[in-house]
Amino acid sequence: MTGPDLPTLLASGERATFHGNPAAAVGALEQAVELAQATALFAEAAAAGWLLGVALGAAGRYGQALTVLAPLVEAGSAEAVGAEQRLFGSLAGSTIASIQRQLGRHAVAREADLAALSLTTGSGEAAFDALLGLASDAIGLDEGDEAAGRLQQAERALPGRGDEWWRQLVRLDWTRAELALLEGSPEDAAVHASAAVQRAENGRAPRHVAKGLLLLGIAQVSGGLAEAATTLRRSATFAESLGVLPLVWPARALLGALVAEDDRLESDRSLAAARSAVLAIAGDLPPGVRADWLGRPDIAALLEG
């Protein structure tokens, strides 16, 4: 009795990564990597490896994700390598940068994004990911002008605007929302975040809906809007149903702080869920990175609260 073939494994893994519970993709994608490597299908192995890294990172298993992704960047950077391996090397580099940003390591993320960009021609899917990542890095480093410039470059590099590019368009709206928040424009941030939520709903991508709702909730908090708590509850509920720890902890932490005076029980439960997610993420990190993560001012304040 034979198991699933490579195309089936890749398809099911991609579907779970972007349209379901990312952790559910891991088994199929690990099988896909092994099968592709065993049959010397190196481009398919790179594609499966990148998807595996995305799935692990989305679930908050950052240490495992970085272990999977780093060899793809190295392989894509080798001389005389095929175009597809360079593509997935670049995408892997951008995914590493995304993980580093989520850990609060924006300068490290910028290095990874620049390396990812160097593996591209400056346009197309991989270049878009790297350029958009560089915009996000700049936002994290409080460099508004740099972020705006990189965002414009990413828009020009976007390969298309049809339904097949929903993920890129959602991420573009996320970054626009983050830049608006940096610039002190919560109303504009809410517009962009709402657009991201709508696109993600159209793309049937609940994880992306959850992040769009998180950004919308942050914008609503910044704007002093009463519906912020409801938005953050929706984000947290989506994230928890999918096991997406990197979204669970900020949604729950912000909600817990927001409702502390009105509903102490909900606040305590929400903050406890945020702490649990933070510690679960820490458990998969290398020791030095774990120390940095737990020592971040916002994380330390959450754990001590």
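Author: The chain has 16 helices and 0 strands. Both kinds of element are DSSP runs, numbered from the N terminus: helices are H or I with at least four residues, strands E with at least two. This is a predicted model, where local features need pLDDT of at least 70, side-chain atom pairs need pLDDT 80 or more, and totals for chains, interfaces and linings use all residues. Residues are numbered from 1 along each chain as its sequence is written, and side-chain values use heavy atoms, with hydrogens and water left out.

The C-alpha atoms fill a box of roughly 60 × 45 × 40 Å along the principal axes. Buried residues (under 20% relative accessible area, 1.4 Å probe, protein chains only) make up 52% of the 305 residues. Take contacts (heavy atoms within 4.5 Å) between residues at least 6 apart in sequence: 59% of them join residues at least 24 apart.

Now the pockets. A pocket is an open set of points on a 1 Å grid over the protein atoms alone, where a 1.4 Å probe fits, with protein on both sides within 12 Å along at least five of seven lines; lining residues have an atom within 4 Å of a point. Points are joined across faces, edges and corners, and a volume is the space filled by probe spheres set on them.

The largest pocket has a volume of about 1,400 Å³. It is lined by 46 residues, and the closest to its centre are Ser98, Arg101, Gln102, Glu178 and Lys211. Several helices supply at least two lining residues each, among them α5 (83-102), α9 (166-182) and α11 (206-222). By class, this lining divides into 23 nonpolar, 13 polar and 10 charged residues. Here Ala, Val, Leu, Ile, Met, Phe, Trp, Tyr, Cys and Pro count as nonpolar, Asp, Glu, Lys and Arg as charged, and the others, Gly among them, as polar.

The second largest pocket has a volume of about 340 Å³. Of its 16 lining residues, Glu14, Phe18, Trp50, Glu125 and Arg167 are the closest to the centre. Helices α1 (6-19), α3, α5 and α9 each give two or more residues to this lining. The largest share, 5 residues, comes from α1. The classes are 10 nonpolar, 2 polar and 4 charged.

Helix α1 also holds Ala16. Ala16 is buried, because its relative accessible area is 14%. Leaving out residues up to four places away in sequence, Ala16 touches Asn21, Pro22, Ala24 and Ala25.

Notes
Buried means under 20% relative accessible area, exposed over 50%, partly exposed in between (1.4 Å probe, protein chains only).
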